[in-house]
Amino acid sequence: QVQLVESGGGLVQAGDSLRLSCAASGRTFSNNVMGWFRQAPGKEREFVAAITKGGSRTSYADSVKGRFTLSRDNAKNTAYLQMNSLKPEDTAVYYCAAREGSYTTLRVDVDGYNYWGQGTQVTVSS
């Protein structure tokens, strides 16, 4: 089993930056494809970014390209989502997700991931 805990959310103003962290435990972190999703009130959970096991490839939603950067530090069992130039429409609960095992595709759907964190709230005021 894999346990994921997100942190780093908060209330910021438009244009500010935040860095979200996802700390993993329970399994070998490097064996997991990692992803970030977000869900605004009343809306479906949507894909934000994903990264390969070794961190060599990343994928981003069009809405965050050029503003968000996903990275991972396998030695620290932690994935990071650096969010710059935040917009009010970025307001959501952000979830860390993992796909354990031999699966390597950077899936953009929620069904593509086996494990989920509890979420961390990001609120961007205008």
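Before my first entry I note a definition: buried means under 20% relative accessible area, exposed means over 50%, and partly exposed is in between, with a 1.4 Å probe and protein chains only.

**Ground rules**

I am looking at a predicted model, where local features need pLDDT of at least 70, side-chain atom pairs count only at pLDDT 80 or more, and totals for chains, interfaces and linings use all residues. I number residues from 1 along each chain as its sequence is written, and my side-chain values use heavy atoms, with hydrogens and water left out.

**Entry 1: the disulfide**

I looked for disulfides, meaning a pair of cysteine sulfur atoms within 2.5 Å. I found that the structure holds one. Its partners are cysteine 22 and cysteine 96, with their sulfur atoms 2.0 Å apart. This pair links distant parts of the chain: cysteine 22 is in strand 3 (residues 18–25) and cysteine 96 is in strand 9 (residues 92–100), 74 residues apart. For my strand names, helices (H or I, at least four residues) and strands (E, at least two) are DSSP runs, numbered from the N terminus. I also looked up the angle about the S-S bond, which is -80 degrees, and the link is left-handed. Are the two cysteines buried or exposed? I noted both cysteine 22 and cysteine 96 as buried.

**Entry 2: salt bridges**

Side chains of opposite charge can pair when their charged atoms come close. I counted a salt bridge where a side-chain nitrogen of Lys or Arg is within 4 Å of a carboxyl oxygen of Asp or Glu. My count by this rule came to five.

I started with arginine 38. It forms a salt bridge with glutamate 46, and the closest N and O atoms are 2.7 Å apart. Arginine 38 has 5% relative accessibility, so I call it buried. Glutamate 46 has 37%, so I call it partly exposed.

Arginine 38 also meets aspartate 90 in a salt bridge, at 2.9 Å from N to O. Why does this pair tie together parts of the chain that are 52 residues apart in sequence? Because arginine 38 lies in strand 4 (residues 32–39), while aspartate 90 lies in the loop between strand 8 (78–83) and strand 9. Aspartate 90 is buried, as is arginine 38.

I then looked up aspartate 62, which forms a salt bridge with lysine 65, the closest N and O atoms being 3.1 Å apart. Aspartate 62 has a relative accessible area of 66%, so I list it as exposed. I also noted that salt bridges with shared partners join Arg38, Glu46, Arg67 and Asp90 into one network.

**Entry 3: aromatic rings**

I paired rings of Phe, Tyr and Trp (its six-membered ring) if their centres lie within 6.5 Å; planes under 30 degrees apart count as stacked, over 60 as edge-to-face and the rest as tilted. The structure holds four aromatic pairs. One of them joins phenylalanine 37 and tyrosine 113: their centres are 5.3 Å apart and their planes at 75 degrees, so I call the pair edge-to-face. Phenylalanine 37 lies in strand 4 and tyrosine 113 in the loop between strand 9 and strand 10 (115–116), so this pair ties together parts that are 76 residues apart in sequence. Phenylalanine 37 is buried at 0% relative accessible area, and tyrosine 113 counts as buried at 5%.

Tyrosine 113 also pairs with tryptophan 116, edge-to-face, at 6.3 Å centre to centre and 70 degrees between the planes. Tryptophan 116 counts as partly exposed at 26% relative accessibility. I followed the ring pairs and saw that they link Phe37, Phe47, Tyr113 and Trp116 into a cluster.

**Entry 4: charges over rings**

A charge sits over a ring if NZ of Lys or CZ of Arg is within 6 Å of the ring centre and within 35 degrees of the ring normal. I noted arginine 45, whose charged end sits over the ring of tyrosine 95, 3.7 Å from its centre. I also noted arginine 72, which lies over the face of phenylalanine 29 at 4.4 Å from the ring centre.

**Entry 5: threonine 91**

My last stop was threonine 91, in the loop between strand 8 and strand 9. Threonine 91 is partly exposed, with a relative accessible area of 22%. Which residues does threonine 91 contact, leaving aside its neighbours within four places in sequence? With contact meaning heavy atoms within 4.5 Å, I listed Ala40, Gln121, Val122, Thr123 and Val124. A polar atom of the threonine 91 side chain lies 2.9 Å from the backbone oxygen of proline 88.

How values were computed:
Polar contact = N/O pair within 3.5 Å; in protein donor to acceptor, adjacent residues only side chain to side chain.
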